[in-house]
Number of protein chains: 2
Amino acid sequence: MLRWRHHSKVNRRGFILSGVALFGLLAAALPLAAQDDSLPSWKDGPAKQAIIEFVQTTTDQSSPKFVPPAERIATFDQDGTLWVEHPMYSQVVYCLDRVPAIVKEKPELAKVEPFKTVLSGDREAMAKLPMDDLLKILKATLTGMSVETFQAEAKKWTETAKDTRWKRLYTKLTYLPMQELLMYLRANGYKTYIVTGGGQDFVRVYSQGTYGIPPEQVVGSAAGTKYGYEKNGKPFLTKEPKLLLNDNDAGKPEGIHLMIGRRPHAAFGNSTGDRQMLEYTKAGDGARLAMLVLHDDAKREYAYGPAEGLPDTKVGTFTQALYDEAQKKGWVVISMKNDWKHIFAFEE
Amino acid sequence: MLRWRHHSKVNRRGFILSGVALFGLLAAALPLAAQDDSLPSWKDGPAKQAIIEFVQTTTDQSSPKFVPPAERIATFDQDGTLWVEHPMYSQVVYCLDRVPAIVKEKPELAKVEPFKTVLSGDREAMAKLPMDDLLKILKATLTGMSVETFQAEAKKWTETAKDTRWKRLYTKLTYLPMQELLMYLRANGYKTYIVTGGGQDFVRVYSQGTYGIPPEQVVGSAAGTKYGYEKNGKPFLTKEPKLLLNDNDAGKPEGIHLMIGRRPHAAFGNSTGDRQMLEYTKAGDGARLAMLVLHDDAKREYAYGPAEGLPDTKVGTFTQALYDEAQKKGWVVISMKNDWKHIFAFEE
């Protein structure tokens, strides 16, 4: 319509038309990314370009790859994809931080491993605890209490505990470009979900305030609960040490089917634990976007995975094999170093 | 504001004021229900009144029981609450209807019980099959295929199979007053969920078209899936005979916590299988609504439960104990006979 109005001015004011036409030509020649300011922390480049093209293609009704609003589902891994996962998953820090309170309730644990090591405060020794010991700590700190008690404790922790490097609340260590991406997708009718190997109940405590994602859109590793009654007859749910969903690897597409029931059109991860989610997403019809965050910025955040050839760590790993598969299958790798102008909101 | 405008007219036109004031007095004296036409198939009475008062109280920002939009969750049982469950759950009919196709794939089943009985077509004998045999049929017809294959088969069935009494598609046997209630709650910012003992994957196939409820808002009994690959490398999910969630009784609040993560503000059921969901809902703070549909209309639908003192049937039962508990705890009983002007949309 605008174009026609401009055309109608031609005969009277050729000068204005020239200006308008020139602007139009320039706009057409500019990369798409430069025309869109929904992702200001992203540098122009293939990653930003892939996101914008995907959104434009799937939301344009005249596009053969148009996706009806109800089917616009985007899933995000959390640790290492939406916020910092190094040197230790935040939820593991939470569990370690909870140990003194647990031991106070059950003093007999003070002399038993792995609780003894945790109480010593020796972070290096804690980081070396074998998986079996870690699971004992998770079990002691994440189960056996009511859902409400757990929620209150986790909430208090997220509002007070700070990381050792930036001295900030963990919920402030989210990646600004990914926050922009979440908002950009939502502004275009996408329902954004977290699909995390972390605890579903844990992430749900802060997902709305931190990411604008409501608890019912958080899929995570989930333990069962047991319905029971207080002495006064009031019913409550107890968190049980019974794993219902291990939301890693193949557990991610399985969890997506269980909790959402639709195949995502876009999926974002950063490690081998997200491999199957990306593969499952791309296996759908039409336009599908799969992206992997590569931690290659030792200065502003961390560098690990194929970027630095680091050995396997306890946290999710971006192996060389995953990198090669991404190249082969058209999964877009996001370089934190090269694709992101800013990493954290607090940088500015 | 309007009132002030009317007041300003007083001096000039006392006559108009009288009319306006009279109307205001009348409106205040009339029951709330009479002022609201969102529930036209509901007769004025305590059930309709309870719904409207609940919605007005929880959506009025000046009310001490105001509920923020994000927390407006309403959960509905399906069978017997949203649609007909007698004489047999629709999903059980689906499974029985699928048996011939299953036997065609595995001819050795033709001579084995319970498949032999099902193939005989003797509905009375089928209705008498013990639970163990029924489970064998569910396992054979609901698991072992890909999620997509199951969805395609179930979709075809819901679009073609008709019940024996009304000779209509099962999806047309929904209760019109409950459809109005779903819409009324959604119009007031409530997110409506189905929380069913039926199969989650089954109900998700038709929930959007039948109830306006998207698949991700269906919580049901759920089996696990297994991620695997076709020969060409394409990934797919197989439905496994491994029960993750038995969404009945205590399984309903447990399933709500797993899949939604919030306590509902309103819950609707019709049988002992919904008891804990209603109890859990009412145990929350502020305004909470719990309602039970009583099947007491033998003419227009069916009569069973305390209404008729019928013996236990295979489908959910509304026992006398449940009725007494509802009275005691302020759960509102909906009489299909007395509270509903119409039961089905096709009546009119």
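## A tour of helices, rings and cavities

Select helix α11 of chain B and colour its buried residues: B:Gln200, B:Asp201, B:Phe202, B:Val203, B:Arg204, B:Tyr206, B:Ser207, B:Thr210 and B:Tyr211. Buried means under 20% relative accessible area, exposed means over 50%, and partly exposed lies in between, with a 1.4 Å probe and protein chains only. Helices (H or I, at least four residues) and strands (E, at least two) are DSSP runs, numbered from the N terminus. Helix α11(B) spans residues 200–211 and is mostly covered, with nine of its 12 residues buried. Step just past the end of α11(B) to B:Gly212, which takes a positive phi of about 70°.

This is a predicted model, in which local features need pLDDT of at least 70 and side-chain atom pairs count only at pLDDT 80 or more, while totals for chains, interfaces and linings use all residues. Residues are numbered from 1 along each chain as its sequence is written, chains are lettered from A and ligands numbered from 1 in the order in which they are written, and side-chain values use heavy atoms, with hydrogens and water left out.

**Aromatic rings**

Next, show the side chains of Phe, Tyr and Trp. Their rings (for Trp, the six-membered one) pair if the centres lie within 6.5 Å; planes under 30 degrees apart count as stacked, over 60 as edge-to-face and the rest as tilted. Over all chains, the count by this rule is 38 aromatic pairs. Select A:Trp157 and A:Phe202, a tilted pair with 6.1 Å centre to centre and 50° between the planes. A:Trp157 belongs to helix α9 (residues 147–158) of chain A and A:Phe202 to helix α11 (residues 200–211) of chain A, so this pair ties together parts that are 45 residues apart in sequence. Both A:Trp157 and A:Phe202 are buried.

Now select A:Tyr227 and B:Tyr280. Their ring centres are 6.4 Å apart and the planes stand at 70°, so the pair is edge-to-face. A:Tyr227 is in strand β3 (residues 218–229) of chain A and B:Tyr280 is in helix α13 (residues 275–282) of chain B, so the pair joins two chains. A:Tyr227 and B:Tyr280 are both buried.

One aromatic cluster is formed by A:Trp83, A:Tyr94, A:Phe150, A:Trp157, A:Tyr170, A:Phe202, A:Tyr206 and A:Tyr211.

Charges can also sit over rings: the rule asks for NZ of Lys or CZ of Arg within 6 Å of the ring centre and within 35 degrees of the ring normal. Select A:Lys239, which lies over the face of A:Phe150 at 4.6 Å from the ring centre. Then select A:Arg263, placed over the face of A:Tyr280 at 4.4 Å from the ring centre.

**Cavities**

On a 1 Å grid over the protein atoms alone, a cavity is a set of points where a 1.4 Å probe fits but cannot get out, and its lining residues have an atom within 4 Å of a point. Grid points are joined across faces, edges and corners, and a volume is the space filled by probe spheres set on the points. Two cavities of 30 Å³ or more are counted by this rule.

The largest cavity holds about 70 Å³ of space. To find it, select A:Lys191, A:Tyr193, A:Glu216, A:Gln217 and A:Met259, together with B:Lys191, B:Tyr193, B:Glu216, B:Gln217 and B:Met259, which line the largest cavity.

Stay on A:Gln217, found in the loop between α11 and β3 of chain A. Is A:Gln217 buried or exposed? At 9% relative accessibility, A:Gln217 counts as buried. Contact means heavy atoms within 4.5 Å; leaving aside neighbours within four places in sequence, A:Gln217 is in contact with A:Lys191, A:Thr192, A:Tyr193, A:Ile194 and B:Lys191.

The second largest cavity has about 30 Å³ of space. Select residues from its lining, among them A:Gln78, A:Trp83, A:Phe202 and A:Tyr206. The largest share of this lining, three residues, comes from α11(A).

**Backbone stops**

Select A:His86 and A:Pro87, joined by a cis peptide bond with omega of about -5°. Move to chain B, where a cis peptide bond with omega of about 5° joins B:Glu113 and B:Pro114.

End at A:Asp249, in the loop between β4 (235–245) and α12 (251–259) of chain A. Phi of A:Asp249 is near 55°, a positive value in a residue other than glycine. A:Asp249 is partly exposed, with a relative accessible area of 36%.

Notes
On a 1 Å grid over the protein atoms alone, a cavity is a set of points where a 1.4 Å probe fits but cannot get out, and a pocket is an open set with protein on both sides within 12 Å along at least five of seven lines; lining residues have an atom within 4 Å of a point.
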